[in-house]
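Subject: Structure handover

Hello,

Here is the structure I promised to pass on. Please open it first, then read the notes below it.

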Amino acid sequence: MKTISSQRRLRVTLWITTVLLLIFSGLSMRFGVVELSWAEFVSVVNGTTEQPMHERLIWQVRMPRLGTALAAGGLLSLCGLLMQNLFRNPLAGPSLLGVTSGSSLGVALVTMATTALGWQLEQLSFLGVIPLAALAGALGVLSIILMVSKKMNDHHSLLIFGVMLGYLTGALITILQFKSNADNIRSFVMWGMGSFADVSPSILMVLVLTLGVSYLIIQRQAMPMNHFLLGDTYARSMGTDVRKLRRNMVAICGVQVGLVTAYCGPVAFIGLTVPIVARLLVGGSDHRQTIPAATLLGMLAGLVCDQMSIWLTLPLNAITAAMGAPMLIALLIRSKNGMLRL
Amino acid sequence: MKPELQLRQLTFGYNGIALLEPSDLLMSGGQLVGLCGLNGSGKSSLFRIIAGLETNYTGDVLLNGQSLRNTSIIERSQNIAVVTTERPRLEGIDVWTLFEMAAHGRVNPEQMAQHIEHCLHVTDTAHMAHRRLAHLSDGELQKVMFGRALAQNTSILLADEPTAFLDYRAKQELTALMRKLAHDQNKLIFFSSHDLELVKEFADIRYALANGKLNRIAEDQLI
């Protein structure tokens, strides 16, 4: 029956993605600013290398960066999938709730404060000021949204609220930038370009753990999320508490995107594009299939975008959009029967 | 045990205008109950209240003797399936998956395929099993949404205008099916329709909702 064929599509998708993940992970270990041979890479892995520089390069630079790209890509894509379900809109993405702009506001505030105190932001970077400010901003906005969403019965109000919050923080950021000095603005802009390079192993663990736990929670909600697609009335009549589900989705999304944005900057486009591609590949919106597919594809997207940004020495956000936008346009043109819809 | 729904002094309204004056009503399994009424008479509100989807009313609705206000969403979904006039046009969900969604957690996984095939068969929708909801006609989707309610495997089925988009033959067939399900499986099926003839022909008990009053249509009034 249909379910079997869509399960097969899911399996094929997951297998191909896994193979690509392994290939790109391997390449990411070997190539970069410094190029290693396969023999050198293997000798680092089995501990026989005599080059401490190679060891440091693999274990302290490339591995954490690889892990970050995978975890962040997975988190953003899962979050995008949740958002598209929450707003019943295939164009929703992680940035829609205003959590990303909350992070930006946090960082902009810090930038401004350091300017006012006559410091340079770069001197404070070792304190982890930027990620902490971003996290605080994200959590601040998230708690506002959670408070407000209790009063809001439909997703349209929530959508408008999130977008308005984005504009509001945007305006504040503009004012703060206007008052800031050039060097601090530069730090802010650099953060805004996104990067998977600056994550410490302990933060990486947090990201990986968040991905694992949120994946397990979301996977268990696959059926309620399917119910949700039918609209509030049908979802409730079929046993899904839509208010609770909506609140949980907002909370999970906020944590996912808040963490990623704090440590990697506001990474654009992955969370928007990957769920759409996942639906196309598994051939439907059934969350039992799209959740695993989007997660794995997101990890691949994170990795590929990061590698591209290394090879081309361009900022991450330039790559995600430069790759994501044409892909989405091509899919739009090719899909005859509206497969991009939910 | 036969399923039972009871209205006790149920009243509801909209903007201060009473759509229903205090009414009592008892429905139990094994019956097809039909409700007639004009547009805006409050039929859909009544269905939403009985289904537990609307709480803005006074009086009480009892589900098997228990007030609906004290039941959980899960509990209601185990007892009451609903067909509304909404038709979700989803691109990414096909009919089979839709039925699976309704039966999920109510039918054990080994019997799932058999259960779904049965529901597809009785509602004459088996040939659409692999079609996506967005690609069905209004009438087809309406039949499918009814089949989905059956797949939910409940003893009570509330159907608001389930035949509105169906052609003459399909209307007759679906209403006959509701009657058969009520009689053979002791289900309580409550449906509304604009079509008085249809209600007359198939319903065991008939009500009319007009001017805020819920009246039973007596046999002699039917002639």
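Among chain A contacts between residues at least 6 apart in sequence, 78% join residues at least 24 apart. Contact means heavy atoms within 4.5 Å.

Two notes on the source. This is a predicted model, where local features need pLDDT of at least 70 and side-chain atom pairs count only at pLDDT 80 or more, while totals for chains, interfaces and linings use all residues. Residues are numbered from 1 along each chain as its sequence is written, chains are lettered from A and ligands numbered from 1 in the order in which they are written, and side-chain values use heavy atoms, leaving out hydrogens and water.

Chain A overall

Chain A has 15 helices and zero strands. Helices (H or I, at least four residues) and strands (E, at least two) are DSSP runs, numbered from the N terminus. The C-alpha atoms of chain A fill a box of roughly 65 × 50 × 35 Å along the principal axes. Of the 342 residues in chain A, 55% are buried. Buried means under 20% relative accessible area, exposed over 50%, and partly exposed in between (1.4 Å probe, protein chains only).

Cysteines

How many disulfides are there over all chains? The count is zero, a disulfide being a pair of cysteine sulfur atoms within 2.5 Å. A:Cys253 is in no disulfide; its nearest cysteine sulfur, that of A:Cys79, is 3.1 Å away. A:Cys253 counts as buried, at 1% relative accessibility. In chain B, B:Cys36 is buried too, with a relative accessible area of 7%.

B:Ser23

B:Ser23 sits in strand 2 (residues 17-28) of chain B. Its relative accessibility is 8%, so B:Ser23 counts as buried. Leaving aside neighbours within four places in sequence, the contacts of B:Ser23 include B:Leu7, B:Arg8 and B:Leu214. The C-alpha atoms of B:Ser23 and B:Gly59 are separated by 8.7 Å, and the two residues are 36 apart along the chain.

Two positive phi values

Most residues other than glycine have a negative phi. Phi of B:Glu161 is near 50°, a positive value. B:Glu161 lies in the loop between strand 7 (156-159) and helix 6 (168-185) of chain B. Is B:Glu161 buried or exposed? B:Glu161 counts as buried, at 8% relative accessibility.

Phi of B:Asn186 is near 60°, also positive. B:Asn186 is in the loop between helix 6 and strand 8 (188-193). At 36% relative accessibility, B:Asn186 counts as partly exposed.

Best wishes
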